[in-house]
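Here is a quick walk through the fold you have on screen. Have a look at the model first, then read on.

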Amino acid sequence: MEYEFSQDLTGPEARFSMGHEALGSWLTHEIGERRDKLASLFKALQDLNKKRVWEFQLDGFEFDLLLTRDDATVRAHSLSADSEVREEDLDFYDAESIARCGLEDFTALLDDWADFVGYDAAS
């Protein structure tokens, strides 16, 4: 999973390699520089790693995030919540609506994003 961050007049933007584009949209539009959401995510990651909880869900305007002890899934509301989606069944357009990665990769990504937007997770 490759990504890059940039800043423009509208704020920070995340761009991801093919297959993980939904993570970029989620970070850009749902998280951005919102310190409350970043704090909530870092707390959830800590709880998952210490096995205090089984999963964590963050509902957004366009995308939802589901964290489990193993992985992270970002899913657009445009995908039906009632249907089970298998990655091999997705066409090119739908591939921009859902992305998955391991929890360790997601943690590293969130650390990078926090650094980029000037959020100190230790505070």
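Let's start at one spot in the chain: α2 is followed by Lys51, whose phi is positive, near 60°. Helices here are DSSP runs of H or I with at least four residues, strands are runs of E with at least two, and both are numbered from the N terminus.

Before going further, note that this is a predicted model, where local features need pLDDT of at least 70 and side-chain atom pairs count only at pLDDT 80 or more, while totals for chains, interfaces and linings use all residues. Residues are numbered from 1 along each chain as its sequence is written, and side-chain values use heavy atoms, with hydrogens and water left out.

Helix α2 covers residues 35-49, so to speak a run of 15 residues, and spans 21 Å from first C-alpha to last, close to the 21 Å expected at 1.5 Å a residue. That expected span is 1.5 Å times one less than the number of residues. Which residues of α2 are buried? They are Lys37, Leu38, Leu41, Phe42, Ala44, Leu45, Asp47 and Leu48. Buried means under 20% relative accessible area, with a 1.4 Å probe and protein chains only. An α-helix has 3.6 residues a turn, so residues three or four places apart point the same way. The cover over the buried residues of α2 includes α1, β3, β4 and α3.

**The sheet and its helices**

The protein chain has three helices and six strands, in the sequence pattern β-β-α-α-β-β-β-β-α. Four strands form an open sheet in the order β3-β4-β5-β6, with antiparallel pairing. β3 and β6 stand at the edges with a single partner strand each, so one side of each has no neighbour in the sheet. From one strand to the next, the twist averages 10°.

Two strands count as paired if DSSP finds at least two bridges between them. β5 and β6 pair over five antiparallel bridges, and Val74 has Ala99 in β6 as its bridge partner.

Angles run from 0 to 180 degrees between N-to-C directions, using axes fitted to C-alpha atoms, for helices over the stretch in contact.

**The whole chain**

Of the 123 residues in the protein chain, 42% are buried.

Note on methods: Buried < 20%, exposed > 50% of the residue type's maximum accessible area, 1.4 Å probe, protein only. Contact = heavy atoms within 4.5 Å.
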